[in-house]
Amino acid sequence: MIIQTGNRTDIPAFYSEWFANRLKEGFVLVRNPFNPLSVTRYRLDPSVVDLIVFCSKNPQPMLQKMDLLKPYHQYWFVTITPYGKNIEPNVPEKAEVIHSFRLLSGIVGADCMCWRYDPIFIDEEWTTERHIEAFSDMCQKLEGSTHTCVISFIDLYEKVKRNFPEVRTVPFETQMALTEAFVRIAARHHMTIRPCAEDSRLAAAGADCSGCMTQKTFETAIGQNIDLPPNPNNRKECACYITGDIGQYNTCGHLCRYCYANADAGLVRRNMRMHDPRSPMLVGWQRPDDQIHEARQVSWIDPQMRLEL
């Protein structure tokens, strides 16, 4: 199976010690965000975990713990945008993140790294021209460290509307123009642009709209074929394969204004105060009335050779 760490929070940035402890102890407990009494126990064992997927804006704290990950295949999504502290108040300086990205790529390989330039929004400060300039500069600095850049345009979820009320959706004509420019720039630096859950018409601009967490993505990172079971949790607008996440909402300390995983800063701070690196859970400890069940975990690796037709 595939373990996801980052759709709900940024474990490498804020909880690397906890995650290292989970790897050492060989399991993790995950509270269901929609049914808090329901807790899933996942084994962290390379015999059943084919791949661990990370999503982070700051992988640096994990770099000193990479030896613990040697038995596992990995795939890293690292978000690097050009926004300042008024939008991403607790994200490190972008030069530091780019440096960490390149160091991480040197460990796991460019095929296991994806740069995310998202979400994209347009306002008086961040015009299309400024985005193109910033994207071009970052492409140059990241060349050779990844072959893939995922982009997306801001979605106005309720949490986003509350935390970033002045933001507006990006008109499709602007999306197309930016995508066309990004595709041209990325190609010069040997990268493919993949929109995330966006209009499939962006393929006409040269983007790869097949998804960013696909079977091909996983197989490239693992270096073997895999047999993915059906996943009813996939969003209809997303071509990606949604995997089991061990994170928890309202725990990401970056406090980016566009974040869909945090409801409000006060709740995030309360949850972070309840975090104990020794606990099998990301926030707090087990409760007497918790209903713990074992996840069904099997390897999805398919050892049979396939003919490419």
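Predicted model: local features only at pLDDT ≥ 70, side-chain atom pairs only at ≥ 80, totals over all residues.
Residues are numbered from 1 along each chain as its sequence is written, and side-chain values use heavy atoms, with hydrogens and water left out.

**Exercise 1: the overall fold**

Work out how the radius of gyration of the protein chain fits the value for a compact globule.

Start with the rule: 2.2 Å times the number of residues to the power 0.38, with the radius taken over C-alpha atoms. For 309 residues that puts a compact globule near 19 Å, and the protein chain agrees because it has 19 Å. Next, look at the box: along the principal axes, the C-alpha atoms fill roughly 55 × 55 × 35 Å. Then check burial (buried is under 20% relative accessible area, exposed over 50%, partly exposed in between, with a 1.4 Å probe and protein chains only): 53% of the 309 residues count as buried. Finally, take contacts, meaning heavy atoms within 4.5 Å. Among those between residues at least 6 apart in sequence, 72% join residues at least 24 apart.

**Exercise 2: a salt bridge inside a helix**

Find the partner of Arg 22 and say how the two sit in the helix.

First, the cut-off: a salt bridge is a side-chain nitrogen of Lys or Arg within 4 Å of a carboxyl oxygen of Asp or Glu. The structure holds 14 of them. Arg 22 pairs with Glu 25, with 3.0 Å between the closest N and O atoms. Helices here are DSSP runs of H or I with at least four residues, strands are E runs of at least two, and both are numbered from the N terminus. The two residues are three apart in helix H2 (residues 16-25), so about one helical turn separates them. As for cover, Arg 22 is buried at 1% relative accessible area, while Glu 25 is partly exposed at 48%.

**Exercise 3: two more pairs**

Arg 194 is in strand E8 (residues 192-195) and Asp 208 in the loop between E8 and helix H7 (215-222), so the pair ties together parts 14 residues apart in sequence.
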